[in-house]
Amino acid sequence: APYERPSLLRYIDSHLLRAVHLYNKPPDPTAVCPICHIQHNHAPVPTSFLPLVPCGHWVHYRCLVARMSQTIDAAKDKCPVCTTPLVLWDGISALTLATRTGLTLPVGQWNAHHAYRDAATGLWCDSDATEYAADCAVIEATMARCFYAHAHPAAPRCVDGSPRLAAVYYDVLGDLALIQRPRGVWLRWRTYSGFLLFGMLIGLKLRRWLGERQTLVVGTEGWKDFEAGMGALQMRIIAEVEG
Ligand SMILES: [Zn+2]
Ligand SMILES: [Zn+2]
Ligand SMILES: [Zn+2]
């Protein structure tokens, strides 16, 4: 069957693990990593040396993750040796992976003629990092607006009288889709796992915002429904990413 490119996270957490019995056992014991150009067993930071799927070229795990999470450059979703396309790159997967491994995404400074003032926030966007900040500001404002709509006395409530926080969550996702956010590359997705990861990111942001700003809702019926939904989403992500 032809190789179907998975999301970045699925590639790392599922595809590469299929050859785990081969890790650190390259056919040539003096093999050099094609990314860092260091002999595989001399890496300054301990890491596995493993064969890529589907082409079988050998790289350091850490070098591959750094290369793939730190790029917005389409060329780098390919094998560094033979340029076989490996993954469908999406920003949210890279952001998740970077966060997990303690790497940082590149700021991505743009040329002056690509810069613009974001109408929703007034923020000046001249890099992937500033566009991400504008997206985050819009997400926070959207969470507040959706929460207050559901905290309104006339809004439907849970049986204990608490706001329906699971509905707030879905309103936030719906509103963001309507206003075509996120705009920046760090939060964009192209894959189903990317879509699920974005949903989880919004859930984590909403949980933090509620926990800090709306402490009265913590532990209510509405909170428990919302938490149950996040738990179910977590299971879907594990199923999708680990395949
Ligand atoms: Zn390396
Ligand atoms: Zn290759
Ligand atoms: Zn609503």
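This is a predicted model: local features need pLDDT of at least 70, side-chain atom pairs count only at pLDDT 80 or more; totals for chains, interfaces and linings use all residues.
**Colouring by confidence**

Start by colouring the protein by pLDDT, the predictor's confidence in each residue. The average over the protein is 93, and 98% of the residues score at least 70. Among the elements, helix α5 (residues 165–178) has the highest mean pLDDT, 98, while α2 has the lowest, 87.

**The zinc ion (ligand 1)**

Select the zinc ion (ligand 1) and show the side chains of Cys33, Cys36, His60 and Cys63. These residues are its protein donors: the cysteines use SG and His60 uses ND1, at 2.1 to 2.3 Å from the ion. What arrangement do the 4 donor atoms make? It is tetrahedral, because the angles they subtend run from 99 to 121°, and four donors count as tetrahedral if all angles lie between 85 and 135 degrees.

Along the sequence, the donor residues follow the spacing C-x2-C-x23-H-x2-C. Now pick out Cys36 and His60, a pair that links distant parts of the chain, 24 residues apart. Cys36 sits in the loop between α1 (8–15) and β1 (49–51), and His60 belongs to strand β2 (residues 58–60). Cys36 counts as partly exposed because its relative accessibility is 26%. His60, with a relative accessible area of 0%, is buried.

**The zinc ion (ligand 2)**

Move to the zinc ion (ligand 2) and show Cys55, His57, Cys79 and Cys82. Here SG of each cysteine and ND1 of His57 coordinate the ion at 2.0 to 2.3 Å. The 4 donor atoms subtend angles of 107 to 113°, so this arrangement is tetrahedral.

The donor spacing in sequence is C-x1-H-x21-C-x2-C. Select His57 and Cys79, which are 22 residues apart and link distant parts of the chain. His57 is in the loop between β1 and β2, and Cys79 is in the loop between α2 (61–69) and α3 (91–101). Is His57 buried or partly exposed? His57 has a relative accessible area of 26%, so it is partly exposed. For Cys79 the value is 1%, and Cys79 is therefore buried.

**Helices α2 and α3**

Last, show α2 and α3 as a cartoon. Their axes come within 9 Å and cross at roughly 135°. The two helices are therefore oblique to each other. The crossing of α2 past α3 is left-handed. While there, recall that α2 is the element with the lowest mean pLDDT.

Technical notes. Residues are numbered from 1 along each chain as its sequence is written. Chains are lettered from A and ligands numbered from 1 in the order in which they are written. Side-chain values use heavy atoms; hydrogens and water are left out. Donors are N, O and S atoms within 2.8 Å of the metal (3.2 Å for Na, K and Ca); water is not among the atoms, so sites may look incomplete. Four donors count as tetrahedral if all angles lie between 85 and 135 degrees; four count as square planar and six as octahedral if opposite donors are over 155 degrees apart and all others between 65 and 115; anything else is irregular. Helices (H or I, at least four residues) and strands (E, at least two) are DSSP runs, numbered from the N terminus. Buried means under 20% relative accessible area, exposed over 50%, partly exposed in between (1.4 Å probe, protein chains only). pLDDT is the predictor's confidence in each residue, from 0 to 100. Axes are lines fitted to C-alpha atoms, for helices over the stretch in contact, and angles run from 0 to 180 degrees between N-to-C directions. Angles under 35 degrees count as roughly parallel, over 145 as roughly antiparallel, 65 to 115 as roughly perpendicular and the rest as oblique. A crossing is left-handed if the near helix is turned anticlockwise from the far one by less than a right angle, and right-handed if clockwise.
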